[in-house]
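Subject: Structure handover

Hello,

Here is the structure we talked about. Please load it first, then read the notes below it.

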Amino acid sequence: MIRVVLADDQSLIRMGLRVLIEREADMQLVGEAADGTQALAVIRQARPDVALVDIRMPGLDGLEVLRRVTADPTLDATRVVVVTTFETDEYLFGALRAGASGFVLKDADPGDLVRAIRAAAGGEALLSPSVTRRLVDRYGPEPGAAPPFELLTAREREIVAWVATGRSNDEIAAELLLSPATVRTHVGRAMLKLHARDRAQLVVFAVRAGLMPG
């Protein structure tokens, strides 16, 4: 069961997220907060697997909540997914630098948010296509400094291409008729060979290289 805390200062948004979470058989809502200070207190008390945190809230903003959660060794099992109406570079890159495990817009398809929660709980990261594009534009490798994709096996290249579509390991496994553990192993080996510091950078490398699922 994935234990979730949600933090948003708008009651209607919280209600919608609550309904979304409670209808999933593998998720349990264990706390809510209407401002950043309350959010941090609820997260510390409930120790959820995933915290959905809005960017703009009274008291502590979402980025500060994220920073404090990721800096707290007692919360190292809690992953934070940022949910916001604001898709500005300031918020996006601030959230990713602070250690967010996902960045989802409030007007995204509900299925994207559910996938982001599951991905975060599984130790992965889920970024929307628009977020991926901004990562590519801002942080992609410079021309002439392409990662050594020739070091990857054919299977590793294939799986990295699927990672760039935003699929989770479970979804890639279903597409390729592999076990999630096998996919996880290939992703880990590819990150090591390409010197990708995280899954988000692996996505950047793949998009820049034009890798597409076969």
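In which hand does α1 pass α5? The crossing is right-handed. Keep in mind that this is a predicted model.

**Helices α1 and α5**

Helix α1 spans residues 11-22, and helix α5 spans residues 110-121. Their axes cross at roughly 65° and come within 11 Å. Angles of 65 to 115 degrees count as roughly perpendicular, so α1 is roughly perpendicular to α5. From α1, the residues in the contact are L17, L20 and I21. They meet P110, L113, V114 and I117 of α5. By class, the contact of α1 with α5 has seven nonpolar residues, no polar and no charged.

**Helices α2 and α3**

The next pair is α2, residues 36-46, and α3, residues 62-71. Here the axes lie 9 Å apart, and the packing angle is about 25°. Angles under 35 degrees count as roughly parallel, which means α2 runs roughly parallel to α3. The α2 and α3 crossing is right-handed. On the α2 side, G36, L40 and I43 make the contact. On the α3 side, V65, R68 and V69 do. The residues of this contact split into four nonpolar, one polar and one charged.

**D54**

Where does D54 sit? It lies in the loop between β3 (50-53) and α3. Is D54 buried or exposed? Its relative accessibility is 4%. Buried means under 20%, so D54 counts as buried. Leaving out residues up to four places away in sequence, D54 touches A7, D8, D9, G62, V83, T84 and K106. There is also a record for this position: the UniProt annotation "modified residue: 4-aspartylphosphate" covers D54, and the entry is unreviewed.

**E156**

Which residues does E156 contact, apart from neighbours within four places in sequence? They are L151, H186, R189 and K193.

Those are the points to check in your viewer.

Best wishes

Methods
Residues are numbered from 1 along each chain as its sequence is written. This is a predicted model: local features need pLDDT of at least 70, side-chain atom pairs count only at pLDDT 80 or more; totals for chains, interfaces and linings use all residues. Side-chain values use heavy atoms; hydrogens and water are left out. Axes are lines fitted to C-alpha atoms, for helices over the stretch in contact, and angles run from 0 to 180 degrees between N-to-C directions. Helices (H or I, at least four residues) and strands (E, at least two) are DSSP runs, numbered from the N terminus. Angles under 35 degrees count as roughly parallel, over 145 as roughly antiparallel, 65 to 115 as roughly perpendicular and the rest as oblique. A crossing is left-handed if the near helix is turned anticlockwise from the far one by less than a right angle, and right-handed if clockwise. Contact means heavy atoms within 4.5 Å. Ala, Val, Leu, Ile, Met, Phe, Trp, Tyr, Cys and Pro count as nonpolar, Asp, Glu, Lys and Arg as charged, and the others, Gly among them, as polar. UniProt positions are given in the numbering used here, feature names are shortened, and annotations may be inferred rather than shown by experiment. Buried means under 20% relative accessible area, exposed over 50%, partly exposed in between (1.4 Å probe, protein chains only).
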